[in-house]
Amino acid sequence: MSDSQGSEGTTRPLPVVEKDTGTLDQNASAAGYDAPPPVLDDDGANGRFWSARRVPATVVALLLLLLTGVFLYDVAAVRADRNAMAGRGELADQLAERPLDDTWVLVGAGVAAALGLWLLLLATTPGLRALLPMRRTHSDIRAGLDRDAAALVLRDRAMEVAGVQSVRTRVRRKHADVRAVSHFRDLDDVREDLDRILAEALRGLGLSRPPALSVHVRRPGRKG
């Protein structure tokens, strides 16, 4: 049986395997592994996951298809010596006669500008803010960790610290905020233990850009 401890006291990031049976040792736990997995030459750093934006793309495509179909039908009707759309002449007159500082013209321009800016924002931002990119160990595989799952891991590790009564955790892309309530022990000692344990927990998550850790510890409020 292979030993999970190295010669220098570090832990190998591999499961314990029985050589004679080939079965995984059920007593081995991945929580104790401190050494990070091997990464690529670029330190495994990779950007955020990009959203497919299916709903906005579908809406824009349907609107463009509808408008294009209407205008093509109108052009084809005129070329076939048929009457144009009923509102075409009125629309042309409105566009020619209505002044640019008219209220409805300004409202329509504002709506069109806001819609265009929204589409540009969707096209230039990744989206999927709930996924944190992880270190890439293979060039053809990308992995991400949900922010709620990362916050749950930090909360469970924080609850293991002596003196911690309750914990609230929130993980963002760049910051991990931990607020703990301690009902005994010195607050500085509890905060020091939390800083050490949670820093190890963040490294163990395997994120390509671990968020900065912020720990706050206070006493429980008075009841009544």
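Let's start with a salt bridge. The side chains of glutamate 160 and arginine 157 meet here, 3.5 Å from N to O. Keep in mind that this is a predicted model. How accessible are the two partners? Glutamate 160 counts as exposed, at 57% relative accessibility. Arginine 157 counts as partly exposed, at 23%.

How many salt bridges does a search of the whole structure find? It finds seven. I'll show you two more of them.

Go to arginine 185. Where does it lie? Arginine 185 is in the loop between S4 and H5. Its backbone deserves a look. Arginine 185 is not a glycine, yet its phi is positive, about 75°. Its relative accessible area is 29%, so it is partly exposed.

Now follow the side chain of arginine 185. It meets the side chain of aspartate 193 in a salt bridge, 2.8 Å from N to O. Is aspartate 193 buried or exposed? Aspartate 193 counts as buried, because its relative accessibility is 18% and the cut-off for buried is under 20%.

Aspartate 193 has another partner. Arginine 196 forms a salt bridge with aspartate 193, and the closest N and O atoms are 3.6 Å apart. Why about one helical turn between these two? Because arginine 196 and aspartate 193 are three residues apart in helix H5. Arginine 196 is partly exposed, with a relative accessible area of 45%.

Aspartate 195 is partly exposed, at 35% relative accessible area. Which residues form the negative surface patch? Asp186, Asp189, Glu192 and Asp195 do.

Next, the strands. S3 covers residues 164–171, and S4 covers residues 175–182. They run antiparallel, and seven bridges join them. A hairpin of three residues connects S3 to S4. Find valine 164 on your screen. Opposite it, in S4, stands serine 182. One general point: in a regular strand, side chains alternate between the two faces of the sheet.

Last stop, helix H1, residues 54–79. Leucine 63 is found in this helix. It counts as partly exposed, at 47% relative accessibility. Leucine 63 also belongs to a surface patch, this time a nonpolar one, together with Val55 and Val59. The accessible area of the three together is about 280 Å².

Definitions and conventions:
Residues numbered from 1 in each chain as written. Predicted model: local features only at pLDDT ≥ 70, side-chain atom pairs only at ≥ 80, totals over all residues. Heavy atoms only, no water. Patch = residues over 30% accessible without salt bridge, like charges linked within 9 Å, V, L, I, M, F, W, Y side chains within 5 Å. Areas by Shrake-Rupley, 256 points an atom, 1.4 Å probe, with all protein chains shown as cover. Salt bridge = Lys/Arg side-chain N within 4 Å of Asp/Glu carboxyl O. Lys, Arg positive; Asp, Glu negative; His and termini not counted. Charge placed at Lys NZ, Arg CZ, Asp CG, Glu CD. Buried < 20%, exposed > 50% of the residue type's maximum accessible area, 1.4 Å probe, protein only. Helix = DSSP H or I, 4+ residues; strand = E, 2+ residues; numbered from the N terminus. Pairing = 2+ DSSP bridges.
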